[in-house]
Amino acid sequence: MEANTRWVAVTAVAPVAWGANYFVTQAFLPADHPLYGAALRALPAGLVLLALCRRRPRGAWWGRSAVLGLLNVSVFFVLVFAASQLLPTSVAATVMAVSPLVMLLAAWVLVAERPGAAHLAGAAIGLGGVCLMLLGGAGGISVPGILASAAAVVVSSFGHILTKRWNTGGERTADGATGAADAAGAADAGVLASTAWQLTAGGLLLLPVAVAVEGAPPPVSPSSFLAFCYVGLVATALAFAAWFAGLRRLPAGTVGLIGLLNPVTGVLLGTVVVGEVLTGRQLGGLALVLAGVALGRPGGKGRRAGRPHRRDTAGPGGAPRADDCAVGSRQPRAFRWTVPTRRCSVVPGSAGWRSRPAAPRGGGADHPGS
């Protein structure tokens with residue numbers, strides 16, 4: 001439970017930093033250079049993380065880094081910038097608040113994380129809270145802006161869950177199992193390294209496009225230089241590393257709901273920095289958002305967390321005997337195949353032999369992601 005709470009706190013660094021990033025971008029960065037703005041946000045952040053981890057991609061991670069850099073960085077940053085220019089901030093943030101629901105669906109498809117009732121309820125309550133906080137008197141609505149914001153939600157949700165899948169070795173084979181070699185490759189990558197690779201790749205993909213479309217880079221004043229330092233080091237390098245670390249260790253539904261702290265940060269920052277007054281409606285929306293985030297909190301001890309099992313070398317290949325069966329520990333996608341015994345199904349996985357109760361009728365069958 002304490003470990004879950006710690007990773008929730010680490011993950012929350014990302015949406016808080018992104019919420020403050022809206023204010024910094026609008027106040028201090030040039031508005032007429034979106035491609036340069038995205039490139040100068042991503043590339044320095046990736047190079048800093050690359051200098052810290054001092055590792056290059058290997059094998060499949062060359063292609064993966066390019067794909068993730070395109071989705072999570074290049075396309076996403078440009079779409080967000082376009083949405084912020086075409087829509088009021090409140091409307092853009094409200095559209096982005098749909099991302100927990102989209103992440104739940106993407107996680108179900110890509111990493112077999114079936115959305116729970118608490119996560120679905122939390123996403124719906126949180127979205128309602130964001131609407132209550134931000135909508136109303138926002139001015140005209142731009143259809144291209146709505147489309148850009150919605151596309152940003154889809155692209156980022158798919159990219160984030162794909163990052164989770166590749167960082168946890170969750171890629172399935174044709175028969176539904178997960179590959180041990182892929183799990184080893186994912187463990188070998190590490191969150192810091194994979195974040196550095198995709199940020200660097202995304203920045204490198206953006207830079208030539210920015211030069212071709214926008215010409216010379218924008219002039220950088222001392223204030224905009226400090227703003228770029230915040231955007232690159234805090235809102236990108238630190239925030240993305242924290243976000244992907246949370247995705248690796250927490251359910252995607254929990255991480256998606258933590259992302260609702262983004263618009264909350266924007267509202268509170270407006271109150272503290274600009275001196276805006278919170279209305280009763282905004283306070284009610286804030287309470288709903290926090291309630292939605294709380295619903296996604298991962299549970300502590302319980303049946304789903306699993307209980308330790310006894311190891312016994314009496315079975316074939318080090319498998320436990322049937323009369324020593326216990327509920328296997330919860331390690332998603334670690335199951336490969338099963339050996340049916342009289343009382344249980346013995347399951348060898350990447351963490352060694354584990355056993356679980358047999359199905360009522362003929363059940364040596366098992367599945368990944370259980």
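**Figure 1. Lining of the largest cavity, by residue class.** In this predicted model, the lining of the largest cavity has five nonpolar, two polar and no charged residues. Here Ala, Val, Leu, Ile, Met, Phe, Trp, Tyr, Cys and Pro count as nonpolar, Asp, Glu, Lys and Arg as charged, and the others, Gly among them, as polar. The residues to look for are Tyr 22, Val 80, Ala 83, Ser 84, Ala 92, Met 96 and Ser 149. Helix 3 and helix 4 are the elements that give two or more residues to this lining, and helix 3 gives the most, with three residues. The volume of the largest cavity is about 60 Å³, and the structure holds one cavity of 30 Å³ or more. A cavity is a set of points, on a 1 Å grid over the protein atoms alone, where a 1.4 Å probe fits but cannot get out; a pocket is an open set with protein on both sides within 12 Å along at least five of seven lines; and lining residues have an atom within 4 Å of a point. Grid points are joined across faces, edges and corners, and a volume is the space filled by probe spheres set on the points.

**Figure 2. The second largest pocket.** This pocket has a volume of about 700 Å³. Its lining is made up of 35 residues, and Asn 21, Tyr 22, Arg 41, Phe 76 and Val 80 lie nearest its centre. At least two lining residues each come from helix 1 (2-28), helix 2, helix 3, helix 4 (89-96), helix 5 (99-111), helix 7 (143-167), helix 10 (222-249) and helix 12 (261-274). Helix 3 supplies the largest share, six residues. By class, the lining of the second largest pocket has 20 nonpolar, 14 polar and one charged residues. Helices (H or I, at least four residues) and strands (E, at least two) are DSSP runs, numbered from the N terminus.

**Figure 3. Helix 2 against helix 3.** The axes of helix 2 (residues 34-53) and helix 3 (residues 61-86) come within 9 Å and cross at roughly 130°. That angle makes helix 2 oblique to helix 3, since angles under 35 degrees count as roughly parallel, over 145 as roughly antiparallel, 65 to 115 as roughly perpendicular and the rest as oblique. Axes are lines fitted to C-alpha atoms, for helices over the stretch in contact, and angles run from 0 to 180 degrees between N-to-C directions. On the helix 2 side, Pro 34, Leu 35, Ala 38, Arg 41 and Ala 42 meet Val 73, Phe 77, Val 78 and Phe 81 of helix 3, where contact means heavy atoms within 4.5 Å. By class, this contact has eight nonpolar, no polar and one charged residues.

**Figure 4. Helix 3 beside helix 7.** Here the two axes come within 8 Å and cross at roughly 155°, so helix 3 is roughly antiparallel to helix 7. Their contact has 19 nonpolar, eight polar and one charged residues.

**Figure 5. Helix 5 packed on helix 6.** Helix 5 and helix 6 (residues 117-134) pack at about 155°, with their axes 8 Å apart. This makes helix 5 roughly antiparallel to helix 6. Pro 100, Leu 101 and Leu 104 of helix 5 meet His 119, Leu 120 and Ala 123 of helix 6. The contact has five nonpolar, one polar and no charged residues.

**Notes for all views.** Residues are numbered from 1 along each chain as its sequence is written, and side-chain values use heavy atoms, with hydrogens and water left out. In this predicted model, local features need pLDDT of at least 70, side-chain atom pairs count only at pLDDT 80 or more, and totals for chains, interfaces and linings use all residues.
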